Amino acid sequence: MDASTILALALGLVLGGLAVALSARRARRRERALAAEWLTRAEAGEYRYRTVVEELGDGVLLIGETGEVVTANPSAERMFGATPGGLIGLPAERLRSRWIGHDGTAAPAELAFDGRAIAALDGGLPRADGTVMWARLSVRPIIDRRGPGPFPMLVSVADVTPQRESAAALSAAHRELERRATDLERSNAELEQFAYVASHDLSEPLRMVTSYLQLLRRRYRGQLDGDADEFIDYAVDGAGRMRDLIDDLLTYSRVGRSASAAEPVDLEAVAAGTLRALAAAAADAGAEVEIGPLPTVVGDEVQLGQLLQNLISNALKFRAPDRPARVRVSGERFVGGWALAVSDNGIGVDPAHEERIFKMFQRLHTRDAYEGTGIGLAVCRRIVEQHGGRIWLEPTPGGGATFRFTLPDRAPAGAAA
């Protein structure tokens with residue numbers, strides 16, 4: 001082999017080595033650039049993570065394998081009453097000693113920070129001013145499947161003081177409402193008892209007064225002067241109105257006292273019976289009363305008969321003077337019950353008085369124009385509400401009025417059974 005060949009081979013070896021060296025150098029540069037890029041990304045990710053965690057309203061702590069706090073965000077420091085960085089290195093047992101149970105007792109045994117997960121534990125953290133921040137704590141172990149543990153634990157603490165205070169306020173309001181409802185129920189019962197007893201006890205002496213006044217009128221009419229006859233007439237009329245008022249008051253008080261067991265009631269039969277009882281009044285008024293198809297409902301037959309009688313008799317009483325009276329009783333089905341109506345073509349009622357007419361002793365007309373005590377519709381409302389429904393006035397186009405009321409399929413809670 002001559003010298004030129006040897007030189008060429010040597011040069012080739014040198015150039016090959018240089019190429020390999022250059023390639024390795026470029027590879028190392030790429031590796032360093034890639035590592036730097038990954039490091040930059042990791043630092044950016046950690047920065048974003050720390051920013052999010054530090055801005056959280058919930059407290060977040062990381063407890064290491066040794067059972068000491070490794071990191072804690074500002075919310076956690078505030079909740080546990082620590083200075084910035086004051087929780088780092090603190091044993092988890094110290095955290096447990098600060099926690100109190102939801103009933104103010106010591107922390108429960110389950111809060112051991114021993115690697116067991118806790119989904120939600122309610123309790124509190126005392127504040128420096130003596131108040132308590134009520135909180136909900138959860139623990140999640142960060143499990144490393146490469147080993148048996150112990151594992152780090154991620155602890156989160158949420159401030160639930162506003163929710164607890166709202167719940168407490170709502171509970172207190174509910175108790176107060178129940179107390180007032182009980183007081184109102186007792187007061188109503190006492191008022192009903194008073195009305196019943198007073199009306200009942202007044203009936204007998206009033207009956208005696210009325211009897212003697214009528215006796216005076218029969219025996220001495222025309223024997224005294226004209227003024228005496230007029231005065232006796234006034235007294236008899238006043239006693240009669242008082243008797244009607246007491247009778248109606250007794251009827252009103254009995255609605256809530258004498259309810260019989262709820263049972264199926266054929267309203268069509270009840271309406272027919274009511275119409276027979278009012279036949280004379282209907283004939284005097286020249287009225288035509290139409291009873292449409294009516295359902296069978298659950299309730300008190302006597303009370304429902306009183307309801308229909310009051311509504312139909314009102315329609316006959318408040319008839320228009322310029323046209324024959326027409327009264328119609330009808331019913332229709334709705335989800336959960338029946339809607340019934342008693343409509344007429346009478347003088348009607350101004351809608352502005354809708355609420356007033358259902359109150360006791362409220363009259364829209366003078367006694368000279370229409371007799372009555374102003375308690376009939378109050379009795380109607382009481383009966384309907386006793387059956388779990390409601391009643392209202394609906395003006396009728398062209399004159400007249402329609403009284404609508406609802407009756408549910410089932411007897412209301414608290415009804416007689």
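**Exercise 1.** In this predicted model, identify which residues of helix 8 meet which residues of helix 9, and describe the packing of the two helices.

*Solution.* Step 1: list the two sides. Helix 8 contributes Gln-303, Leu-304, Gln-306, Leu-307, Asn-310, Leu-311 and Asn-314, and these meet Gly-376, Leu-377, Val-379, Cys-380, Ile-383, Val-384 and Gln-386 of helix 9.
Step 1: sort the residues of this contact by type. Eight are nonpolar, six are polar and none is charged.
Step 2: The axes of helix 8 (residues 301–317) and helix 9 (residues 376–386) come within 9 Å and cross at roughly 145 degrees. The crossing is left-handed.

**Exercise 2.** Determine whether Val-270 is buried or exposed, and find its contacts beyond four places in sequence.

*Solution.* Step 1: locate the residue. Val-270 belongs to helix 6 (residues 267–277).
Step 1: apply the cut-off. Buried means under 20% relative accessible area; Val-270 has 10% relative accessibility, so it counts as buried.
Step 2: list the contacts. Beyond four places in sequence, Val-270 touches Val-265, Glu-301, Leu-304, Gly-305 and Leu-308.

**Exercise 3.** State how many residues the largest nonpolar core has, and which element gives the largest share.

*Solution.* Step 1: count. The largest nonpolar core has 38 residues, and those with the most contacts inside it are Leu-267, Leu-307, Leu-311, Phe-403 and Phe-405.
Step 1: assign elements. Those giving two or more residues include helix 6, helix 9 and strand 13 (401–408). Helix 8 supplies the largest share, seven residues.
Step 2: follow one member. Leu-267 has contacts beyond four places in sequence, among them Leu-304, Leu-308, Leu-340 and Leu-407.

Note on methods:
Residues numbered from 1 in each chain as written. Predicted model: local features only at pLDDT ≥ 70, side-chain atom pairs only at ≥ 80, totals over all residues. Heavy atoms only, no water. Helix = DSSP H or I, 4+ residues; strand = E, 2+ residues; numbered from the N terminus. Buried < 20%, exposed > 50% of the residue type's maximum accessible area, 1.4 Å probe, protein only. Contact = heavy atoms within 4.5 Å. Axes fitted to C-alpha atoms, helices over the stretch in contact; angles between N-to-C directions. Left-handed = near helix turned anticlockwise from the far one by under 90°. Nonpolar A, V, L, I, M, F, W, Y, C, P; charged D, E, K, R; others polar. Core = buried A, V, L, I, M, F, W, Y, C linked by side-chain atoms within 4.5 Å.
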